[in-house]
Amino acid sequence: MKVVVLAGGVGGSRFLLGMRAELRNTHPDAELTAIVNTGDDLWLAGLRITPDLDTILYTLAGINDTERGWGRVGETERVSTELAAWGIGHSWFTLGDLDLAASIARSSWLREGVPLHEVVERLQARWPLGLRMLPATDDEVETHVRVEGRTMHFQEWWTRYRASLPAVAFEQLGVESSTPAPGVIAALESADVIVLAPSNPVVSIGTILGIPGLRDALRASTAPVVGVSPIIGGSVVRGMADSCLTTIGVETDAAAVARHYGSRHSSSSGILDGWLVDTADEAATEPLTAEGIATRAVPLWMRDEPMSAAIAAAALELAQQLARDADAD
Ligand code: FO1
C-alpha cells in the first residue's frame with residue numbers, strides 16, 4: 001500500500017511518527033512518502049535552513065529536541081554565539097551546532113548544484129526513517145508575511161513576533177515559476193491513500209497546495225484524500241494557525257477548515273474526500289458528510305506515539321471505506 005502524507009513541521013512530524021508506527025504494525029510492506037512544506041525555508045549566515053524538512057528528519061530519526069519542538073537534542077550553541085559576536089544571524093533565530101552541520105552540508109551540496117530533493121535524500125540516508133521525504137518543490141518559494149506597512153520573512157513573523165502582528169496577507173515568493181519536486185506528482189498519482197497531516201492549513205498545507213500542479217494532482221488522484229483537523233474544539237492544537245486562518249478569512253473551527261480545503265466531489269477546486277475531527281467537534285460530522293466530505297469524530301490529541309498511531313489508523317480506515325464506496329459506485 002502506498003501512503004502519501006502532506007505535512008508541515010511540528011504537527012506533521014508527530015503525525016508521521018504515528019503513521020509510521022501504524023503501517024509497521026498493520027501494513028509492514030507499505031511505502032510511506034511525506035511531501036513536506038518548504039515555505040518556511042530561509043538563507044541565514046550564507047546557509048540554507050529548511051525547518052519543516054529538518055523537524056521531520058530529526059523527529060523520525062529520534063534525535064529531535066522534544067522540549068523546544070525544533071532542532072537537535074543535546075544541542076550546544078557555541079557557533080551561534082560566536083556568529084552573534086560578529087552580528088551574523090538573528091537573535092530571534094537560534095541555530096544549534098549540530099543543526100548548523102546539517103545546514104552546512106545542505107548548503108555545500110546546493111552550491112554544487114545538487115537539487116533539494118537529492119540533498120534531503122543524502123541527509124536522511126544516515127538514519128532509517130521508515131519513510132521517504134520529498135520537498136514540495138526544489139525551487140526557493142519562501143512564505144513572506146505582509147503586515148501593516150511592511151513585508152517580512154515568515155520566520156521573522158513566526159519566531160521574532162510569535163505571529164502577534166496581524167498579517168494582512170501571506171505571499172509565496174516565486175511560486176508562479178515553481179514546479180513540484182521530482183517524484184511528488186508521481187507519488188500522488190500512484191498513491192493508494194493521501195492524507196493531509198494536522199499541520200497549519202495556511203502556511204504549511206496551503207503552501208504545498210500553492211505549488212502549481214499540486215492541487216490538480218490531488219484532485220486527479222484515484223486515491224481517497226483524507227484530512228486531519230488541526231483545530232480541536234475551536235482552538236488550535238499548537239502553533240499559531242488561528243492567526244493564519246483569520247488572515248485568509250477562515251474561522252478557527254474544524255468544519256471551517258474542511259470547507260476551506262473543499263470537497264473534491266462537490267466543488268470545483270476542493271481536495272477532500274474525508275475529514276477527521278476530534279470528538280469535541282462531533283456535531284460537524286453530519287453536515288460535512290452531507291456536503292460531500294465524509295467526516296468522522298475520533299480523539300485527535302497527539303500526546304504520544306500510540307495516540308498519533310490511532311489517528312493514522314482512523315485516517316487509513318476512512319480512506320479504505322471511501323475506496324470501497326467508490327468501487328461500489
Ligand atoms: N523557532 C523558534 O521559535 N525560535 C527559534 O529560534 C527557532 C530556530 C530554529 C532553527 C532551525 C529550525 O529548523 C527551526 C527553528 N525554529 C525556531 C522553528 C521554526 O520556526 C518552525 O519549526 C517552523 O518554521 C514553523 O513550523
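This is a predicted model: local features need pLDDT of at least 70, side-chain atom pairs count only at pLDDT 80 or more; totals for chains, interfaces and linings use all residues.
The ligand sits in the largest pocket, where 13 residues surround the ligand.

**The ligand and its shell**

- Among the 13 residues that surround the ligand, the closest are Asp40, Thr94, Gln155, Thr159 and Arg162.
- In the side chain of aspartate 40, an N or O atom is 2.9 Å from an oxygen atom of the ligand, while for arginine 162 an N or O atom of the side chain is 2.8 Å from an oxygen atom of the ligand.
- On its own the ligand has 540 Å² of accessible area, and the protein covers 91% of that area.
- Helix 2, which spans 51–61, and helix 6, which spans 154–160, each supply at least two residues of the shell, and the largest share, three residues, comes from helix 6.
- Sorted by class, the shell around the ligand holds six nonpolar, three polar and four charged residues.

**The largest pocket**

- About 920 Å³ of space lies in the largest pocket, and of the 45 residues that line this pocket, the closest to its centre are Val10, Asp52, Gly69, Trp158 and Arg238.
- The elements that give two or more residues to this lining are helix 1 (10–26), helix 2 and helix 6, and helix 2 gives the most, with five residues.
- The lining of the largest pocket divides by class into 22 nonpolar, 14 polar and nine charged residues.

**The second largest pocket**

- The second largest pocket is lined by 18 residues, and those that lie nearest its centre are Pro224, His265, Leu322, Ala323 and Ala326.
- Helix 13, made up of residues 305–328, gives the most to the lining of the second largest pocket, with seven residues.
- By class, this lining has seven nonpolar, five polar and six charged residues.

**The largest cavity**

- The largest cavity has a volume of about 50 Å³, and the residues that line this cavity are Thr50, Leu53, Asp54, Leu57, Arg106, Val120, Leu123 and Met133.
- Two or more residues of this lining are given by helix 2 and by helix 5 (116–124), and the largest share, three residues, comes from helix 2.
- The lining of the largest cavity divides into five nonpolar, one polar and two charged residues.

**The second largest cavity**

- The second largest cavity has a volume of about 40 Å³, and among the residues that line this cavity are Asn37, Thr38 and Gly39, together with Ala136, Thr137 and Val141.
- The lining of the second largest cavity also includes Gln172, Thr207, Ile208 and Ile211.
- By class, the lining of the second largest cavity has four nonpolar, six polar and no charged residues.

**Helix 2 across the sites**

- Helix 2 supplies at least two residues of the shell around the ligand, gives five residues to the lining of the largest pocket, and gives three residues to the lining of the largest cavity.

Note on methods:
Residues are numbered from 1 along each chain as its sequence is written. Side-chain values use heavy atoms; hydrogens and water are left out. A residue is near a molecule or strand if one of its heavy atoms lies within 4 Å of it. A polar contact is a pair of N or O atoms within 3.5 Å; within protein, one must be able to donate a hydrogen and the other to accept it, and residues adjacent in sequence count only if both atoms are side-chain atoms. Accessible areas come from the Shrake-Rupley method with a 1.4 Å probe; for residues, only the protein chains shown count as cover. On a 1 Å grid over the protein atoms alone, a cavity is a set of points where a 1.4 Å probe fits but cannot get out, and a pocket is an open set with protein on both sides within 12 Å along at least five of seven lines; lining residues have an atom within 4 Å of a point. A molecule sits in a cavity or pocket if more than half of its atoms lie within 2 Å of its grid points. Helices (H or I, at least four residues) and strands (E, at least two) are DSSP runs, numbered from the N terminus. Ala, Val, Leu, Ile, Met, Phe, Trp, Tyr, Cys and Pro count as nonpolar, Asp, Glu, Lys and Arg as charged, and the others, Gly among them, as polar. Grid points are joined across faces, edges and corners, and a volume is the space filled by probe spheres set on the points.
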